[in-house]
Amino acid sequence: MAAAGPSVFLLMVSGQVESAQFPEYDDLYCKYCFVYGHDWAPTAGLEEGISQITSRSRDVPHALVWNFPIDITFKSTNPFGWPQIVLSVYGPDVFGNDVVRGYGAVHVPFSPGRHKRTIPMFVPESTSKLQKFTSWFMGRRPEYTDPKVVAQGEGREVTRVRSQGFVTLLFNVVTKDTRKLGYDTGPSDTQGVLGPSLPQGLPP
Amino acid sequence: MDSKEEKVKIITEEFVENDEDADVGRKKKTSKTQRQKGKKQLCTAGPEEMVSGKPHGGSQQGPAQEDPDPDTHLLSIPAQRGPRSLPPLPSASRTGFAEFSMRERMREKLKAARSKAESALLQEIPTPRPRRLRSPGEKELETEFGAEPGKETKRTAQDNDSQSYSRVKFRDCVRKVKSKPPPPPGFPSAEEAYNFFTFTFDPEPEELEEKPKAKSRERANQEEAEGEEEEPPVQGDEEELLNGRNEEDFLLGLDHGAEDFLVMRPAYYESVHVQLQKERELLFIPSRLTVPTSKKLPENMQPRFLEDEGLYIGTRPKVPRATQNIMENRLLVQEPDRRWFGDDGRILALPNPIRPSPSRPPALTQEQDIHAELETLYKKAVRYVQRTQHMIGSGDFPENFQLDIDISGLIFTHHPCFSREHVLAAKLAQLYDQYLARSQRNKAQFLTDKLQALRNAVQMGLDPEKSHSSVDITPKAINEYKSEIRETRKLRDAEQETDRTLLKTIIKVWKEMKSLREFQRFTNTPLKLVLRKEKVDQKADEEAYETEIQTEISELLEEHSEEYEQKMEEYRTEYQQWKAWKKAQRAKKKKKKQAAEEHHDEEAEEPPPGDGPVKPIPPEPIRQAVLEQEVRERVARSRRRPGEPMLVPELSLAGNVTPNDQCPRVEVLRREDVKRRSVYLKVIFNDKEVSRTEGRPLGADFRVHFGQIFSLQIVNWPESLMLQVYETVGHSGTTLLAEVFLPIPETTVVTGRAPIEEVEFSSNQHVALDHEGVGSGVPLSFEADGSNQLILMTSGKVSHSVAWAVGENGTPLIPPLSQQNTGFRSALKRADAISSIGTSGLTDMKKLATWAAESKLDPNDPSNAPLMQLISVATSGKSYVPEFFRLEQLQREFDFVSDEELNRAKRFRLLCLRSQEVPEFRNYKPIPAYDREIMDKVFQDYEKRLRDRNVIETKDHIDSHRAVVAKYLQQVRESVLNRFLVAKHHFLLTDLVIEEEVPNISILGLSLFKLAEQKRPLRPRRKGRKKVTAQNLSDGDIKLLVNIIRAYDIPVRRPTTSKFQQPSRSSRTFRERHAASPTTHSPTHSADYPLGQVLVRPFVEVSFQRTICHTTTAEGPNPSWNEELELPFRAPNGDYSTTSLQSVKDDVFINIFDEVLFDVLEDDRERGSGIHTRIERHWLGCVKIPFSTIYCQARIDGTFKIDIPPVLLGYSKERSVLAERGFEPVRSLSEGSYITLFVTIEPQLVPGESVREKFDSQEDEKLLQATEKFQAECAFKFPNRQCLTTVIDISGKTVFVTRYLKPLNPPQELLNAYPNNPQATAELVARYVSLIPFLPDAVSFAGVCDLWSTSDQFLDLLAGDEEEHAVLLCNYFLSLGKKAWLVMGNAIPEGPTAYVLTREQSHYLIWNPCSGHFYGQFDTFCPLKSVGCLIGPDNIWFNIQRYDSPLRINFDVTKPKLWKSFFSRSLPYPGLSSVQPEELVYQRTDKAAAAELQDRIEKILKEKVMDWRPRHLTRWNRYCTSTLRHFLPLLESSRGEEVEEDHRAELLKQLGDYRFSGFPLHMPYSELKPLIEAVYSTGVHNIDVPNVEFALAVYIHPYPKNVLSVWIYVASLIRNR
């Protein structure tokens, strides 16, 4: 193994769903899940999570803080289908029904290091005014059949969305062997580029 | 007080100012204030303190400060919130004020407090002041103590002043501090303000008294502020005492101070005027008016319109005039020195790049045949070759084209660094060059010679003796000669004069230069002019001179004399005329005189004498002396005097340049400047820089030698070649001096032959230098008085040569002329032409030429050049017409790897295939990171499939016809699949977003009704399970649940004792025929079975995907298990997508076995101590349910007929007495055994949606609308009933369903079988149809899409689902003369399906086309459970009866109340033609092929059986096998009926010693795999008795059209001992 060089690279993501800004809304919780391509496989950690319900901060206006940890490690052979985190935020409406407050997605940062991302969130719009009213009244807002569609482009052209709030995420990204496989994602590091053919003195 | 006042001002403003203002102000102020500090303390604080006394407490001070300014309370209130807590006030009454709800109480208290305060106030008022005044005087850190007092000042000021004043003050405070302007009129000065503040304390208490109550509320609020203000004094006092606390105070004060300051500002308002004023300062609004041209151009420049001068100017992009004006105005104001404007005074603009028409040729519609020249041709991929690629058509011209540009050097004829001497030297050199050039040409000499020759010729012409050779010299010719001589002489004289003046100028310049050198006492240039005198022979010279003059004079004389003659002639004629006129006049006069005597009045008519011709003046004769004088003068002017030596100037560089140390400083400076300069050239090819020379330093002689040759390997047709001259001064930037355009060489100019040419350039650079350098573009004078100024511009010459290179083999690397016509540029240029003459015109050069002529193309437009050239080529006859059209010329540029290389990359290929969703790779993961990790075998399957697409392989498919069919099916499947893949990526909103439907009234009502519903109803309804979308599933998530409830009428064991018993009446055979007349059974019962003996011990085994589960063993022929079996489900390739699940072909086998115990104890003695039995299981029958049915139906619930082999040796179907009695009427119609099942998938999967593709149709639009309407109506009434009007045929078109029904002839063979029995024929036909293999569309086409193939297609494919079977059967029945309909309805287990209904004489029969069975209408075990609609050949009837069960409905379609017909009176049947063929052609199946197939199947099955028994020896009993083989044809001919007894008898006869268990299987033949599966599912191979033997026989009965009926007889034999 040491001689052959790595055949996969690893991407470790830790971080947290820090906070959200949803003016007017309160008591929200969020779900996250990862969407990744065929060549990716999670090796450790949780692919999906659902956070606690958070209430609005009294000090900072509009801030809803979750600080909900994310920790996952992927392995892959191909940067195509780089993982994306899909967030969906839910909360009660005026009648107490649990409705969706926003969907959003962002790619896991490519380069190692600490990254902060603020994703704009959006919700699908009702197709008509009447439906808007009834959905509001009944507490059954339009939702995506699968939140993962927000991570893909296919089929989105049929939907209409309205933006709604922001979620701030913090990622700490560590990669392993990306450089050895020829994917230079980060800032130049001290190790230098080692070709995959070079024998690696890896400890067994 | 002045200083004081100023200071107060400073303080006030300092607090009011914003931070930034304060910073500015503070620095200045602090310096000021510090100076005055000491003084202040004495003069302000001191006295006042003495006057007022020391403050005693903060509490009393508060009101004193606030009350004077009641009007500003509102302003100050917000500021007075403070974090500091109020210290308890001495006067308790004050605290109560905060609660203003208790106003009354407060008032009273207030009065009391007031009286107190009044007394205290007077003493307290001044307290803040000393602090305030002192605090700025101390240090910065103390300022905050003065903050509140400062505000107070402000407030008081505001009290009096208008708001605007305060605003202005705020804003301008900094300025005011600096300049102290007089206060604006109407406003108090700062002094006044201060005084006001200082002296208004006395009336304050009074004011307080006047309106305390009104203010009580405000004051209540203000109390807080009081607290605030309390502290500073305390601190201030302390501070006076303890300076050491300053630091702390500062810290304390800081946080409060800033807050207070910020808040204290009043609302900001700016008057409109001020606003406008400010805006005017900041904003610039460019005017919309047109700018006069003179403004845009440099001074004294006339606008120059290049277009008028005939140069090409492209059309400018259209910009509205106003916008342009705005832009111009803006540019003029913002960057006047940047050259935004062109010579014509307009903004520089590139030509409009937008073409009026697209360059892509118009898309050709399919109807038109494509022009031959636009047809795409396959062109083999060419390896990317550098450099040649987009000289278009590079494939034909593989050479490189090369242009050699030799830049040898650069000479400046003027340079800013030229000294005066240089200027002269340059002039001299120039003149000398001119001189050299002239002398080289020596035109004067040439003209002299010519003159001589002409003279000779004239001489000869005049001399007749000599002119014998040239007889034809006429006088006219001589005249011509003479005139030529005249001309030549004039020319010569001019030349000679120029020569002479040139020489004179050279000498003059040289003299000037010499004098300059003397004057400046140094020499800059090595230039030296030497005048060489050439001695001439004076005499000869004089002679020649004289003769020359003489000849000239004589010639002139001659000329003049000729002229004179001529004039004389003229004179004479004129004179004659005049004379004649005169005479006439005179004659007239005479006449008149005579007449006058008679008529006096005529005299008046006499014309005045002046009217006649003037008397001509005779010309003066020429005088030789004058002429000679003239000639001599001229000659003297233009020619060397005789005897004067010939002067030949020679310019040499032999002179010495004075070294630097001898030069004056300015000159040294100049020389150093020159040294710092260097020059380089850029070579610009087609507006792109291609190379540049090295920077070479400028020599002292202003020559730069480059000597570089640039070889340009070009791919584009050269359009322009330009050199840019850049000069670098020191290390500072480079300046572009000039641009030199080089001509593109002719194609004949090749390297080596090209002369070095010089191209002049000049720059309009303006440089003025501070040393000896004369600069350029600046006036310069050589005269002492500065007159005679001249302006020299930087100029120079580049010597270069441009030529086409010569290749290695001597061929010039020149692009062929025609090449450029095909260049992509020209291809694009022609775009305009396309619109006018069409694409075909492009290849017609003549047409193009006429178009070009008509459209008046500008021939000078460089963009039209290729077109022009093309046209010129075309009109000259020879033309090269490209034979192809290329859309993406540059595509190859972007190919970074060749295609082969790309294809070789396995990883890339894998990625491609996966993204194309090729089935083999659809879910391949993960793709390895390296090529080397990808096994070659990954592609094997795929490649094999690709290969096999055209090759028919007979290995998998045992008979060739099936192979062909399978191939065809595969192709249809692929095409359909592709359509599905497209459709799959087409989303609707509902796919992505879950949205509630808009509730209508009924739903609302229903939901309201639901509210009233009982929470726990007595009869609960089943609630639907949650459906799971199939995408996020993995192996093991899905389970198949099979609930086996009970079975009826299981065959029972036949006691072995009755070996030779003849069949009795009581033992019923299977397959009792009872189509019309149920047989009545006498209630006799078998005597063979003693009561209580176990007849059969059945159990059920479910096998699915080779997983087997079984129930416990029950007893009796009507067992009840009620057990749930759970089988795991694995999707193929782990792909749980809908399409993949739909195409799962696996079947669920539900096998019923009989568990038989055999006593194996051989020794009876041991019977007491142990039981040794062997369990054997005997297969009784099975039910087969395809997984796709379960998947699509979600659940299957019902009673199924068990498929029991026709012959089940050892078993018979016995009825218990009870059963026969009790259920006779019900059961009488039924035959066979039944099992009740409930099958479902857990979790429930969402079945695939049908494709929402709108298929095109050839049906009439009206008909289609009618179908939609019909369907909508039906669906509205009975949403659950199937209504079918249109279907999709195999080519994907919508077809009206009745077109499928048409009488079609069944095979003649079948008709001949029972010529007299129509019922038997019908059954045979049904059997034939059922023998065609069943293959659901969902499986074959991976998606719910019902494709209906016509009957001939169906027979060709030999596979289809219910519809095809039903259609074929219905067509056969129609052809047999029956009344037949297609029944669309629901059946178990198929779900929505198609059956066939026939009408016999008195009743209806329902036929299952897939099994060939038929049922009476009232058969309870009929699998058809509901009827949606009936379809006949000419109409569709929808069931609108209350019930849909066939048992309960009336099939009489003529009743419109029961059946809604599609075609009715309002829409009559239009007579639709059928899609079915006229006739079906059946070819007889090759019997030999069938026999061969039979053998092969048998062999394969035997091998399989042996494979399944890996641990046991498998013996084959040949004898039994052959017996069975003989028996099978009998079964076929009788279709399994009425043969059992004979068979049994025969078997027993032959195999007397064996215990035999086995059965024949019957199935239609499609592939080998189902046969193997069927054999496997029977479990015959599972017997592990050591001495077991097997028998396996296969029989294939061929029916026409390759329909094969396969019989497999499997048996195990155990020798009885």
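In this predicted model, the side chain of A:Asp39 meets the side chain of B:Arg914 in a salt bridge, with a distance of 2.7 Å from N to O. Between chain A and chain B the count is one salt bridge, and there are also three residue pairs in polar contact, counted where both residues have pLDDT 80 or more.

On the side of chain A that touches chain B, helix 1 (129–138) and strand 9 (143–144) of chain A each supply at least two residues. Helix 1 of chain A gives the largest share of that side, namely three residues. Sorted by class, the side of chain A that touches chain B is made up as the table shows.

| Class of residue | Count on the side of chain A that touches chain B |
|---|---|
| nonpolar | 12 residues |
| polar | 11 residues |

Seen as a whole, the contact draws 32 residues from chain A and 29 residues from chain B. The two chains, A and B, bury about 2500 Å² between them, and 55% of this area lies on carbon and sulfur atoms. Within chain A, the residues that lose the most area to chain B are A:His38, A:Thr145 and A:Glu154, which together account for 22% of what that side buries.

Strand 9 of chain A pairs with strand 14 (residues 993–994) of chain B in the antiparallel sense, over two bridges. Within this pairing, A:Glu143 has B:Ile994, in strand 14 of chain B, as its bridge partner.

How values were computed: Residues are numbered from 1 along each chain as its sequence is written. Chains are lettered from A and ligands numbered from 1 in the order in which they are written. This is a predicted model: local features need pLDDT of at least 70, side-chain atom pairs count only at pLDDT 80 or more; totals for chains, interfaces and linings use all residues. Side-chain values use heavy atoms; hydrogens and water are left out. Contact means heavy atoms within 4.5 Å. Buried area is the accessible area (1.4 Å probe) that two parts lose on being put together, summed over both. A salt bridge is a side-chain nitrogen of Lys or Arg within 4 Å of a carboxyl oxygen of Asp or Glu. A polar contact is a pair of N or O atoms within 3.5 Å; within protein, one must be able to donate a hydrogen and the other to accept it, and residues adjacent in sequence count only if both atoms are side-chain atoms. Helices (H or I, at least four residues) and strands (E, at least two) are DSSP runs, numbered from the N terminus. Ala, Val, Leu, Ile, Met, Phe, Trp, Tyr, Cys and Pro count as nonpolar, Asp, Glu, Lys and Arg as charged, and the others, Gly among them, as polar. Two strands pair if DSSP finds at least two bridges between them.
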